[in-house]
Amino acid sequence: MIFKNKKGAMEMSVGTIVTIVLLMSVLILGIFLVQKIFGVARGAIDLTQTQLESEMNKLFSDGDAKLAFVPSSRELEIKHEEEDAIGIGIKNLAQTGSGTNIFSYTVTDTKSGNCASSIDAESWIIVGKQESGIPLAVGDIYSSKIKFQIPLGIPLCTAKFRVDTKIDGTPYKSDSFLVSIKG
């Protein structure tokens, strides 16, 4: 009788341990998946052009915005030697004419982040530093990506970039976003 109780207690202990191990595995897998899902949403590097256009349409549907960014937090976190991108969208809200206007944009480092002034943050931009000759009809949206790659050896800091847009050669809209280097 004593052996039966010990054997039953032992079987219950093993069953409990197996259950705990399985639950922990599921919990870890769930955390991993959530990080992957939200990790993709941080930058725009993994978005296809169609997905980026869809995100821009959502952002511009809220009002009279002329310039928008994906992610909408306007902050991009990048590790050393990795690439990521911020999506940029321009909407033509010109009140003059019903034809097509020609847009351009330029991205510059404002030097107002906490990076040392000797750091050339503009050199981090590998694609999309400037673009010109963008034809947009009134109400149309243009979307593109500004891709960054952080070289090894840059200290952890945050750089502030400004996007200046022009319509037919005259200033249209300016706004800024942040790029943070994380360890």
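Predicted model: local features only at pLDDT ≥ 70, side-chain atom pairs only at ≥ 80, totals over all residues.
One disulfide was counted in the structure. A disulfide is a covalent bond between the sulfur atoms of two cysteines. Here the bond joins Cys115 to Cys157, with an S to S distance of 2.0 Å. The torsion about the S-S bond of Cys115 and Cys157 is about 85 degrees, so the disulfide is right-handed. Cys115 lies in the loop between strand 4 (100–109) and strand 5 (125–127), while Cys157 lies in the loop between strand 7 (141–149) and strand 8; the pair therefore ties together parts that are 42 residues apart in sequence. Because buried means under 20% relative accessible area, Cys115 counts as buried at 17%. Cys157 is also buried, with a value of 5%.

Thr158 is found in strand 8, which covers residues 158–167. With neighbours within four places in sequence left aside, Thr158 is in contact with Gly113, Asn114, Cys115, Leu178, Val179 and Ser180. One of these residues, Cys115, belongs to the disulfide. With Ser180, the side chain of Thr158 makes a polar contact of 2.9 Å.

Side chains of opposite charge can pair when their charged atoms come close. Five salt bridges are present in the structure, among them one between Asp175 and Arg74, whose closest N and O atoms are 2.6 Å apart. Asp175 lies in strand 9 (residues 170–182) and Arg74 in the loop between strand 1 (67–70) and strand 2 (75–79), so this pair ties together parts that are 101 residues apart in sequence. The two partners fall into separate accessibility classes: Asp175 is buried, with a relative accessible area of 17%, whereas Arg74 is partly exposed at 29%.

Another salt bridge links the side chains of Asp164 and Arg162, with an N to O distance of 3.0 Å. Asp164 is partly exposed, at 22% relative accessible area, and Arg162 is partly exposed at 35%. A salt bridge is also formed by the side chains of Lys111 and Asp109, at 3.6 Å from N to O. Asp109 is buried, with a relative accessible area of 14%.

Leu27 is found in helix 1, which covers residues 2–42. The relative accessible area of Leu27 is 46%, so Leu27 is partly exposed.

How values were computed. Residues numbered from 1 in each chain as written. Heavy atoms only, no water. Helix = DSSP H or I, 4+ residues; strand = E, 2+ residues; numbered from the N terminus. Polar contact = N/O pair within 3.5 Å; in protein donor to acceptor, adjacent residues only side chain to side chain. Contact = heavy atoms within 4.5 Å. Buried < 20%, exposed > 50% of the residue type's maximum accessible area, 1.4 Å probe, protein only. Disulfide = S-S within 2.5 Å. Salt bridge = Lys/Arg side-chain N within 4 Å of Asp/Glu carboxyl O.
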